[in-house]
Amino acid sequence: MQTSFTLAQLADPQVQASEKILRACVHCGFCTATCPTYVLLGDELDSPRGRIYLIKDMLEQGRPASGDVVKHIDRCLSCLACMTTCPSSVHYMHLVDHAREYIEKTYKRPILDRAMRALLARVLTDPGLFRLAVVAGIVARPLAPLLRAAGFKRMAAMLRLTPRRKPAPPAERSGKVYPASGTRRGRVALLSGCINPLLAPSTNEATVRLLNRNGIEVVVAGGEGCCGSLAHHMGRETQALAQARNNIDAWTRAGPGLDAILITVSGCGTTIKDYGFMFRDDPAYAAKAAQISALAKDVTEYLATLDLQSDTLPAGLTVAYHSACSLQHGQKIAREPKELLSKLGFVVKDVPEGHLCCGSAGTYNILQPALAEKLRDRKVANILRVEPDVIAAGNIGCMTQIATGTAIPVVHTVELIDWATGGPVPDVLRELASVERPSNGRAE
C-alpha cells in the first residue's frame, strides 16, 4: 500500500509505526473471510481491509475523525482474526489501537456515549466500585427488557451481563506469597488486581492450588492493579499507560527471581505482552516494560511446561474448548490448552467456526449489543453441535458472554486442569462428577 505522509507527520513515532503497518498491506482481502463483522454485515468498511483504508485516509489527512469513520472503527472487535489470516503479517492490532487513540483525541462523541465509556473505564478497572455496581445491577436486572424496549440497549446489555450473585468483598491479596508444596521448583507472579477475582474467584484460586501442588511459589505483587487493557482498547491511552506503569513497577519490585508473570485472563495477557511496544519510546520504562512483556505468559502456556499428572475424573467428560480470540489470535496460543485437557483425560472437541469471536471483546458486548448478541448466538449454536458436557475458555469475558446464551456449564480451563490433577471439583460441575474412573486417567 502506498502512503503519502509528510516528513513532519513521520516525526511522530505513532504515525511512523502505523505507516510501516499500512505499507505491509497488499489489499489481498484474505482478512475479510475471518472478520466477524464482515461475515455478519457484508460491508467492506466493516472488514479489516476497509478499516485500514479509513485509518490511512484519516491519519494522512491529519483531520479529526468523522462520525462515519468512528462508526466502523467502533464496530471492530479487535479479535485479531485478521492477523492470523494475513499472509503479509500486517500488524492490525497496533494500527487499530493507534486509530482509537486518535479518535479519542479528535472526535467528540455524543454525551451519552461519552458518559457510558467513562463509566465503563472507571468502574470496570476498580474492584471496589465494580462490586458496588454489581449490587446495583442485581437490583435493577429485572428492568433490562423494559430498558431495551425503550431504546436503552446498552444499559439493558449491561444489566443482562450482571452476575446473578453478589460477589464477596475483594480479598486482600496484594503482597501475598503462596508457598510451594515440598521442594520449590519455580517462582511466578499472578495477575490478581482486576475484576476477574470478583467475577470468578475460583479461577485464581485453582491456579494457586495447582501451581503450589506442583512446586511453584506464587506471588501477588504488592500494589498491582488493573493492567490497562480495557482503557487501552477504548483509546484512553493516558489512563491505560498509567495503569500499565503501576503494574510494571509492582512486578519489577517483586523480582528478581520471577520465572514468569502468569495471566488467567487472556485479554489482559495480550496487552501485557505488548507493554514493550507501548513503552518503546519511554526512556524511563522501555527496558522495564520489555522485561515484563518477556516474562508474561498465559497460565496454560506455563502449565504446558510442567509435568502434570492426572487424577480421578468422570468417564468420558466432553469439553467444548472455546479458544478466546485474544489467546488464539492475539497470543498465538491454540494448541497448549487443548493438549493439556486431552492429556489429563478430557474428551476435547473443537468448536466449529472457532476462529470467529463470541462477541464479548472487552466492553464490546455493552457498547455494540446487537452485533454482540448475533455473534454470541452463532457461537452457542456451534458449541451445541459438538454436544459437550462443559465449555472451557481462558478469558472471563468470553465465559460471561457465552453463559448468557446457554445452560451448559462454562468454566475456566485452569479449573478443569486443577480438578484433573487432584484439586476440587468446580462448583458448577459437581453433578457431572458422580461417575468416576480409575486414577490412571483412562476411561473404562
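This is a predicted model: local features need pLDDT of at least 70, side-chain atom pairs count only at pLDDT 80 or more; totals for chains, interfaces and linings use all residues.
Local features need pLDDT of at least 70 and side-chain atom pairs count only at pLDDT 80 or more, while totals for chains, interfaces and linings use all residues. Residues are numbered from 1 along each chain as its sequence is written, and side-chain values use heavy atoms, with hydrogens and water left out.

A nonpolar core here is a set of buried Ala, Val, Leu, Ile, Met, Phe, Trp, Tyr and Cys residues joined through side-chain atoms within 4.5 Å. Buried stands for under 20% relative accessible area, exposed for over 50%, and partly exposed for in between (1.4 Å probe, protein chains only). The largest core has 78 residues, and among those touching the most other members are Leu 211, Trp 251 and Tyr 275. Helix 15 (residues 237-254) gives this core its largest share, six residues; helices are DSSP runs of H or I, at least four residues, and strands are runs of E, at least two, numbered from the N terminus. A second, separate core holds 29 residues, including Leu 54 and Tyr 92.

What about disulfides, pairs of cysteine sulfur atoms within 2.5 Å? The structure has zero of them. The sulfur of Cys 28 has its closest cysteine sulfur in Cys 86, 5.8 Å away, so that is too far for a bond. For Cys 398, the closest one is in Cys 358 at 4.0 Å, again too far. Cys 28 is partly exposed at 37%, whereas Cys 398 is buried at 6%.

Finally, Gly 222 sits in the loop between strand 3 (216-219) and helix 14 (229-233), and is partly exposed at 33%.

Methods: A disulfide is a pair of cysteine sulfur atoms within 2.5 Å.
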